[in-house]
Amino acid sequence: MPKMKTKRALAKRVKVTKSGKWKRANAYTSHLAQNKSTKQKRHLRKASLIDKTDQKRLKDLIQ
């Protein structure tokens, strides 16, 4: 049986940290920034981690 292909859509959006957790960018940053507070925009710039329950669900796509 051939190898499974990696889902490129997920691979482009996720990076794996050294400890094995998955890092992702935050949503709500693409437009309508004038309606958001400076604090909200500052916090959205930082990456966040994917929850381990979602990581279990997505691990078959990334292989």
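The model is predicted, so to speak of local features a pLDDT of at least 70 is needed, side-chain atom pairs count only at pLDDT 80 or more, and totals for chains, interfaces and linings use all residues. Residues are numbered from 1 along each chain as its sequence is written, and side-chain values use heavy atoms, with hydrogens and water left out.

**Exercise 1. Describe the fold and the overall dimensions of the chain.**

Step 1: Begin with the elements, where helices (H or I, at least four residues) and strands (E, at least two) are DSSP runs numbered from the N terminus. The chain has 3 helices and 3 strands, and their order from the N terminus is α-β-β-α-β-α.

Step 2: Turn to the extent. The C-alpha trace spans about 50 × 25 × 20 Å along its principal axes. The radius of gyration is 15 Å, whereas a compact globule of 63 residues would have one near 11 Å; this value is taken over C-alpha atoms, and the globule rule is 2.2 Å times the number of residues to the power 0.38.

Step 3: Of the 63 residues, 17% count as buried.

**Exercise 2. Find the salt bridge and place its partners.**

Step 1: Apply the criterion: a side-chain nitrogen of Lys or Arg within 4 Å of a carboxyl oxygen of Asp or Glu.

Step 2: Identify the pair. Arg 57 bridges to Asp 54, with the closest N and O atoms 3.2 Å apart.

Step 3: Locate both residues. They sit in helix H3 (residues 52-62), 3 residues apart, about one turn of the helix. Arg 57 is exposed at 58% relative accessibility, while Asp 54 is partly exposed at 30%.

**Exercise 3. Examine the positive phi values at Tyr 28 and Leu 32.**

Step 1: Read the angles. Tyr 28, a residue other than glycine, has a positive phi near 70°; for Leu 32, also not glycine, phi is positive and near 60°.

Step 2: Place the residues. Tyr 28 belongs to the loop between strand E2 (22-24) and H2, and Leu 32 is in the loop between E2 and H2.

Step 3: Check the surroundings. Tyr 28 is exposed, at 66% relative accessible area, and Leu 32 is partly exposed, at 45%.

**Exercise 4. Locate Lys 46 and state its accessibility.**

Step 1: Lys 46 lies in the loop between helix H2 (38-45) and strand E3 (48-49).

Step 2: Its relative accessibility is 55%, so Lys 46 counts as exposed.

Terms used
Buried means under 20% relative accessible area, exposed over 50%, partly exposed in between (1.4 Å probe, protein chains only).
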